[in-house]
Amino acid sequence: MKYLINIFLVVFLLLPMSVSEGVGVSVRPTAQLPQVVVRENFIQQATNCIKNAMEEAGETRRYTVEPMIVPAGLRLPEGKITYAGSIPNGIRFAKGTQINLDVLVNGRKYTTVKCSMRIRIYDNMVVAIKQLRQDQVITAADVRLEEREDKGANFVYYTDVNDVIGKVPIKGIGQGQVINNHIIQYPVCLRRGDRVSINANVNGIVVSTEGIAMENGRKERYISVKNLNSGRVIKAKVIDDKNVEVAV
């Protein structure tokens, strides 16, 4: 038994060892390429690149970084190793963001390593405390701020409850749902048949005439109005319950 143990120790000592800074890797050094950069090093360099890009963009929201596709390691010749990172396609929240790491040896580029990282970013968003019905006027008791992930969707979420108070759901909103500009709107403030002032800005001078709403209208939406002086029906933007505006 002692003889077998000694053979095992000799074989073990003769096996090539990984350069891993404490972490085992599959990439091993060779006589020609004696240095090995491990996966964890690439992850750290990619994370630093993202951090710098976020700071340059003035981003202050909390975020996390997760590796998706990162090389297991890289063999390098002797010399001082430095890195230069870039994000060719920009940061894509909640999706894969490509980081290109130029690996330099003694200041000269040796190769480029590509890493894919998932960046999750969070913000305090307005959410519904309870279920809200379609066209129900939203009050302060219906909403609150909660930290949620910004998944980069094509909508605008709200970070101030005052921005949603007084608006109404376009359709029902579930409890805990993030409120965005695609699911709420202003309530109807003009009814068909209401008298309105039709305003137009002509070279800095506001010209007004009387009109009548031909359909219900909400603030910032366009409706058909009839000019009572000319009898023409035109499209105008609703300003409030008494005024509409036309472009000239």
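Val202 is found in strand S11, residues 195-202; helices (H or I, at least four residues) and strands (E, at least two) are DSSP runs, numbered from the N terminus. This is a predicted model, in which local features need pLDDT of at least 70, side-chain atom pairs count only at pLDDT 80 or more, and totals for chains, interfaces and linings use all residues. Residues are numbered from 1 along each chain as its sequence is written, and side-chain values use heavy atoms, with hydrogens and water left out.

Val202 has a relative accessible area of 37%, so it is partly exposed. On this scale, buried means under 20% relative accessible area, exposed over 50%, and partly exposed in between (1.4 Å probe, protein chains only). Together with Ile205, Val207 and Val248, Val202 forms a nonpolar patch on the surface, with about 380 Å² of accessible area in total. Accessible areas come from the Shrake-Rupley method with a 1.4 Å probe, and for residues only the protein chains shown count as cover. Patches are made of residues with over 30% relative accessible area and no salt bridge; like charges are joined within 9 Å, and nonpolar side chains (Val, Leu, Ile, Met, Phe, Trp, Tyr) within 5 Å. A salt bridge here is a side-chain nitrogen of Lys or Arg within 4 Å of a carboxyl oxygen of Asp or Glu.

## The chain as a whole

Stepping back, the secondary structure of the chain comes to two helices and 16 strands. Of its 248 residues, 31% are buried. The accessible surface is about 15300 Å², and carbon and sulfur atoms account for 51% of that. Taking contacts (heavy atoms within 4.5 Å) between residues at least 6 apart in sequence, 54% join residues at least 24 apart.

## The largest nonpolar core

A nonpolar core is a set of buried Ala, Val, Leu, Ile, Met, Phe, Trp, Tyr and Cys residues joined through side-chain atoms within 4.5 Å. The largest one has 21 residues, and Phe42, Ile99, Val113, Cys115 and Met117 have the most contacts inside it. Two or more residues each come from helix H2 (39-56), strand S3 (73-76), strand S5 (96-105) and strand S6 (108-128). H2 gives the most, with six residues.

Val113 is a handy place to look around. Beyond its neighbours within four places in sequence, Val113 is in contact with Phe42, Pro71, Leu74, Ile99, Asn100, Leu101 and Val103.

Tyr157 sits in the loop between strand S7 (143-150) and strand S8 (168-169), and it counts as buried because its relative accessibility is 16%. Its side chain makes a polar contact of 2.8 Å with the side chain of Arg61, and another of 2.8 Å joins Tyr157 to the side chain of Asp123. A polar contact is a pair of N or O atoms within 3.5 Å; within protein, one must be able to donate a hydrogen and the other to accept it, and residues adjacent in sequence count only if both atoms are side-chain atoms. Leaving out residues up to four places away, the residues that Tyr157 touches include Met125, Asp150 and Val178.

Phe93, in the loop between strand S4 (81-86) and S5, touches Arg61 and Asp150 among others. Phe93 and Lys151 are 58 residues apart in sequence, with their C-alpha atoms 6.0 Å apart. In the loop between S6 and S7 lies Gln136, which is buried, with a relative accessible area of 17%. A polar atom of the Gln136 side chain lies 2.9 Å from the backbone nitrogen of Arg133.
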